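Reader: Before we start, I would like to go through the terms one at a time and see what each label rests on.

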Amino acid sequence: MAAGGAQPMIFKTLGWLTDPGHWRSTPFDTGILGQLGAHVGFSVIALVIALVIALPAGLAIGHTGRATWVVSVANAVRALPTIGALVLLVVIISPHFYGRTNAGFLIPTEIVLVVLAIPPILSNTYAGVQNVSPAVRDAAFGMGMTDRQVLGRVELPNALPLIFSGFRSAMLQVIATATIASYVTLGGLGRFIYDGLAQKDYPQMIGGGVLVAALALVADLLVAVVQRYVVSRGVSGRFHRNTSVDSRVAALVEENV
Amino acid sequence: MRTNKLIVAAATAALALGGLTACGSSSDSGSSTNGTVAGGFIFGGPPEFKTRTDGIPGLKKNYGVEFGKYKVTDTGGPVTVGALKRGQIDAADLFTTDPSIEANGFVILKDPKSNFAAQNIVPIINKTKATDGVKQVLNGIQAKLTTEGLGELLDKIQNKKQDPDAVAKEWLSSNSLGTTGTSAKGVTLTVGSANFPENVVLADIYADALTAQGATVTKKLNIGSREKYYPALAGGSLDLFPEYTGTILQYIDKNASATSPDDVYTALTKALPANLVALDKAEAQDSDAVVVTKQTAQKYGLSSIADLAKKTK
Amino acid sequence: MLTLLDSASSSPWYFFGYFLDHRATDLGWLWDHTWLSVVPVVVGLLLALPLGWLARRYSWAYPPMMSITGLLYTIPSIALFVLIPPLLGLDPLTPLQVPIALSIYSTSLLVRVVADGLGAVPTETVQAATALGYRPLARFFRVELPIAVPVITAGLRVAVVANVSIVAVAGTIGLDNLGRLFDQGYTLSVTEPYYPPIVLGIVMCVLLALVLDAIVLLVDRALTPWRRAVRSR
């Protein structure tokens, strides 16, 4: 019974996805390309802000070994229910904006996404710096490097694999969660999911889900390529057996072993 | 006060970044796309209003009204009201009983061509549960439900933050309908409701009255959308649901054309599947309406939906 | 701040009073939320143990399994909730759609954790166990799995905390759990913000996540006594 129902649905979804009319935007309606752009926009803004906050903080905490409670607090923040935080912020912020602006909904969404993205980046950066072997660090100081040089030339490059895995984890979460922007009137690929649900247009809804998953996959591949070029081969261990830095759990593995 | 300023400051900073991407989703089309009043308007409503027969397609067919842009807000809830009040949208789909229409001085545009069908409140019930006693209890409630009364119930819930169930019990006793008895004894049923306050309080009223008359009632309130609860009702995992004649008819029969209360009701009794029955319709109605702010109505001289199709000078 | 306190019952700090007023409903939702968050993690772990073992045992299975689970994890939860009933032919109101969806997420997350945890067991340890005469199955349960416990529980903590947040999303489509409080607060915020249900929902979700996290941590401690022994030396 499941197969009978699922089979035509796959074709209908493919039909929805391949209809050029669904990709173009009209003044009345935003198409797939437009919503894809909005989705990427929401995600990029959130990730850039999160990086600007979490990367320096993680490096500083890992390097000095001070204020490690910040990492614990950031990890505890993961317990915050995303949808609840969004509703609360919308209720507080949106009444302050008048006229043709999305700001009353955009700002809460971005805050929620940034809060979501900070913990994995922060804790992985911290763990990455902290995990640099003391022998390596001592050797760097012994060579006469300053504090700043040790951080920039030794600790940061060594921590990069973990930083990247933290960033990729944050990115996947942000891309999947940016769909809730549509719960508060904004665009993005979530629009197709919520609209498809309300309009009983399941191909549209599944199509939206497929697009989000595809976007996440492509983004992860792109960052993996960047990672390959940025991370020193001596660190990534590509000379040896695969160490397979994983997007979501490498940090856990590193912290606990 | 200070927190407000902080929010605005943070907002401005975020906007500088946000402006960049807003294009994908934003709204500022401003200029008219087809030379009519509506062409320069952003319309806000639930996602399904965009495709529903009496939604955007109906407005176009009946009045030749074509809006410049559609913005998905919510189903007559806080988002739609807030967006209309604060100028993010120019016209909206709201429900006629909504107390915030009067509170904000919104104007309901007249619907002379009956684009929106009659929406009398009607209990839809599973045939096996519709014993004479149950029918008698529910039809007794239906006889007392008026549109004004509905507005008062909503005001208590939305503005005075009273509990829907408490409001329901109070309404029953003030209409001397909450008496205990045995007319529904031996009946076990599940009452459902959609997720907006009016529907919840109606379900509470039905459920509480039946409980008082000896029925064993389970409440499954706040179910997301009709797409979720109607199959449950037809499939028998829900037994009783407060519905609106026009919407439920439209849902079952996409090509339904009846608009007057009696016609819609008759069509509905014919369209329902064999295992469901519609009890008496109430005088109380809660229908969709195209709503604008007072300023907008004055600026463009709007009193009927048809005025939206006027050419701008 | 003052303006908020003027009308005591819509102040954010009234959330506790709101809880007392609606105790029965709120506790019911807390219970729903708890089992919806916990059961999928247990199911996920039971499925992930054999799958993770397979991925480690047969190295060709590792890359495809990781890609598939990674991909599943990116499907937005709201889409998965709605899709499950029609795909599996279930009643559209079944509360099962949430645990099924979350089990898929938990399994996807935990397969990788289990595989990587088992991979982190030092080769020397495995060799020593083999030399001591452990058969593969006994070796897995008595040596490799216990050593992987810290990694696996770390994954369980992430999964359980993530679940508490995702379950709340299901509240916005009418399924009973603490997420309903957000929907309620939002619906009642028409003329002015109505904070109590929203704040109460956040507080209860955070507390639930912290308690579940602490429980996993305690189980982890109980299962790995040797770690404390090393530390106390």
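Reader: Which pattern does chain C follow along its sequence, and how are the elements defined?
Author: Chain C reads α-α-α-α-α-α-α-α-α-α-α. Helices are DSSP runs of H or I with at least four residues, strands are runs of E with at least two, and both are numbered from the N terminus. On that basis chain C has 11 helices and zero strands. This is a predicted model, in which local features need pLDDT of at least 70 and side-chain atom pairs count only at pLDDT 80 or more, while totals for chains, interfaces and linings use all residues. Residues are numbered from 1 along each chain as its sequence is written, and chains are lettered from A and ligands numbered from 1 in the order in which they are written.

Reader: What is the pattern in chain A?
Author: Chain A follows α-α-α-α-α-α-α-α-α-α-α-α, with 12 helices and zero strands.

Reader: What makes B:Lys85 count as buried?
Author: A residue is buried if 20 or more other C-beta atoms, placed from the backbone, lie within 10 Å of its own; it is exposed at 12 or fewer and partly exposed in between. B:Lys85 counts as buried because it has 20 C-beta neighbours inside 10 Å. The residue sits in helix α3 (residues 78–85) of chain B.

Reader: How much of chain A and of chain C is buried?
Author: Buried residues are 51% of the 257 residues in chain A and 50% of the 233 residues of chain C.

Reader: Why is helix α7 of chain A called hardly covered?
Author: Helix α7 (residues 134–142) of chain A has nine residues, and the count of buried ones is zero. After α7(A) comes A:Gly144, with a positive phi near 95 degrees.

Reader: What makes strand β3 of chain B mostly covered?
Author: In β3(B), residues 91–95, five of five residues are buried. Both faces are covered, with B:Ala91, B:Asp93 and B:Phe95 on one side and B:Ala92 and B:Leu94 on the other.

Reader: How do you know which strands pair with β3(B)?
Author: Two strands pair if DSSP finds at least two bridges between them. Strand β1 (residues 42–45) of chain B pairs with β3(B) in the parallel sense over two bridges, and B:Phe43 has B:Ala91 as its bridge partner. Strand β10 (residues 288–292) of chain B pairs with β3(B) in the antiparallel sense over five bridges, where B:Ala92 stands opposite B:Val291.

Reader: What makes a set of residues a nonpolar core, and which residues have the most contacts inside the largest one?
Author: A nonpolar core is a set of buried Ala, Val, Leu, Ile, Met, Phe, Trp, Tyr and Cys residues joined through C-beta atoms within 7 Å. The largest has 229 residues, and those with the most contacts inside it are A:Ala117, A:Val174, B:Tyr206 and B:Val291. Helix α8 (residues 136–171) of chain C gives the most to this core, with 16 residues.

Reader: What does A:Ala117 touch beyond its neighbours in sequence?
Author: Residues are in contact if their C-beta atoms, placed from the backbone, lie within 7 Å. Leaving aside neighbours within four places in sequence, A:Ala117 is in contact with A:Ala46, A:Leu47, A:Ala50, A:Ala170, A:Gln173 and A:Val174.

Reader: Where does UniProt place the transmembrane regions of chain C?
Author: The unreviewed UniProt entry places the feature "transmembrane region" at residues 35–54, 66–84, 96–115, 145–174 and 194–219 of chain C. Such positions are given in the numbering used here, feature names are shortened, and annotations may be inferred rather than shown by experiment. In the model, residues 35–54 of chain C are 100% helix and 0% strand, with end C-alpha atoms 29 Å apart.

Terms used
Two residues are in contact if their C-beta atoms, placed from the backbone, lie within 7 Å.
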